Amino acid sequence: MYQIKESNRELVTQHYLGTTYEKWPMYYLKISQPTNKAKKIIWMDCGIHAIEWISPAFCHWFVKEILQNYRTDPKISSLLQNLDLYILPVFNIDGYIYSWTTARLWRKSRSSHMNGTCFGTDLNRNFNSSWGGVGTSHNCSSSTFCGPEAESEPETKAVARLIESRKSDILCFLTIHSFGQLLLSPYGYTKEPASNHQELVDVAQKAATVLKGKHGTNFTVGPASSVLYQNSGSSRDWAHMIGIPFSYTLELRDRGAHAFFLPADQIQPTCEETTMAVITIIEYVNQKYFPNGAKLTSGNLCLNLLLSVLFVGALS
Amino acid sequence: MCLAKNNKQFPGLIYLFSQTATGQNTERASIFFSRSCLLLFQPVLGTGHKYYLQFTTEDYKTRENVGTCLAIVFYLKRKPTPTVNIKCTYTKDQKEVQEDDHRFYQKIRQHTKPIIGSYIPDSYGNIEPAFESAWALAVVGSSYIMWEKSTENLGYFMAQVKHVKQWISKDDSIDFDYAVLLHEIPTQEMILCHMRVIWIPNHPLKVKYFCSSENQSAESEDVSGMESGSADGILNERAANF
């Protein structure tokens, strides 16, 4: 992360979020085109579940893509006019390290419970979104242990604190997982539709179509509780519940043939297609909140009204 | 029109596919579960839930479509195993299937030494060519376990072959002992199952298995010595019982 920051100083800054249970510092990268404009935020995190190795790989790839192409790709440069990208490459640092050094199948964090007899909380059950409800376990030895209470884990607290403090500026919250080839909208904790359910699904469908165009990979789109299973305490649900309009979980390749053990030759194609999907979502958000590439000023509005009055007058 | 797609509750369908009664009572050792589409969900008042499913399967290597099935899966209240009515169409005819299976069989028989290995795929998703067939056979064998273990609300995927050991049989059958890790949905638990798979082409797969109880802490999974000790004991025992 340091190298990326150093070699792209004009665009990238590194920001401290907090520390993990094992005291690793958590940083996110802020990709921001320096302008005087007030910008909105797109958040993306990877690696909340340690076992899902393709996820941190994707965040790394995505950052590389942006930095390699922002000067030459008009799509990316136009997005960066209005939006800052906040990217957390590895949410669950302790767990991820543990999956490399000790237990490949580890999923949770590495916090200690029950006097050191029990380890790890499922960080994606630890958020304050109907915490402790359906699809979680209160048994610390379970893979979906939701923790002793909502936001009990330092990692969850670190991310939640930042998101909460900037929520009025965050338009889109993306969290990257594997596997399943799914683009999931809220909610997981209930079958009740989100307030902007149809729009969320339409945008996700658009992204899935673009993704498929790259290598033919099929993604299924819909609310988590219908497409996948019900679960509480997810970051995606929580983000939407505090007011972030676009909130998605992406489950990357594959569909179970290799599951968590995606072969190395699928890393790049997975990252390529997923980048296209993510850009599609960000583009939509950009168009929606910054139409025609510029904010609608009061001057423009007056002119439009005058013209439409004149036009109507001419017709009648 | 699909009500739900690729519902993870139905991964045991490979086994179903290979057991369909169209004169093809053979195990397809090289096929993979692909896309499923829930056509209709029908609660039957006081009795249970009926699922009308369409699914396709594909070859694990070439990814080509191998067949399509229509199935009615009826979960009765208080009974974990559903009744199934299934009809399949295949892209290949029986002769081609037999040739495929025979090729697969020969590939394994060609090994001069018994196939013995651990952690397939490895942490990086690699499956060494020498272990590819053993892995594919583990998938099919695991699908039998999944078929028996899965319920209306619990499904499985094979995550990894922890250990594989080939027995040299006196007859023409291929004979493998496996320790496989099954990933359970939606609990996310990893279930360790010991499995004995015996197969001759044109015959159904013989699978015997024993799965460890759930909530096994992942702490012990990769501690070598501890796990292999208990696995060996069970493997030897199963050999004697066979």
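Before we click on anything, one term: a residue is called buried when its relative accessible area is under 20%, exposed when that value is over 50%, and partly exposed in between, using a 1.4 Å probe and protein chains only.

You're looking at a predicted model, in which local features need pLDDT of at least 70, side-chain atom pairs count only at pLDDT 80 or more, and totals for chains, interfaces and linings use all residues. Residues are numbered from 1 along each chain as its sequence is written, chains are lettered from A and ligands numbered from 1 in the order in which they are written, and side-chain values use heavy atoms, with hydrogens and water left out.

**Stop 1: A:E251**

Select A:E251. UniProt lists this residue under "active site", in an unreviewed entry; such annotations may be inferred rather than shown by experiment. A:E251 sits in strand 10 of chain A, residues 246-252 (strands are DSSP runs of E, at least two residues, and helices are runs of H or I, at least four, both numbered from the N terminus).

Is A:E251 buried or exposed? A:E251 counts as buried because its relative accessible area is 9%. Now show its contacts (heavy atoms within 4.5 Å). Zoom in on A:S178: the side chain of A:E251 reaches its backbone nitrogen at 3.4 Å.

**Stop 2: A:M1**

Jump to A:M1, in the segment before helix 1 (2-7) of chain A. A:M1 counts as partly exposed because its relative accessibility is 35%. Next, select A:L29, 28 residues apart from A:M1 along the chain; their C-alpha atoms are separated by 7.7 Å. A:L29 is also one of the residues that A:M1 touches, and A:Q14 and A:P89 are among the others.

**Stop 3: where the chains meet**

Colour by chain. Here 29 residues of chain B are in contact with 31 residues of chain A. About 2600 Å² is buried between them, with carbon and sulfur atoms giving 55%; buried area is the accessible area (1.4 Å probe) that two parts lose on being put together, summed over both.

On chain B, select strand 2 (31-44), strand 7 (155-167) and strand 8 (174-185), the elements that give two or more residues to the side touching chain A. Which strand gives the most? Strand 7 of chain B does, with four residues.

How values were computed. Polar contact = N/O pair within 3.5 Å; in protein donor to acceptor, adjacent residues only side chain to side chain. Lists of a residue's contacts leave out its neighbours within four places in sequence.
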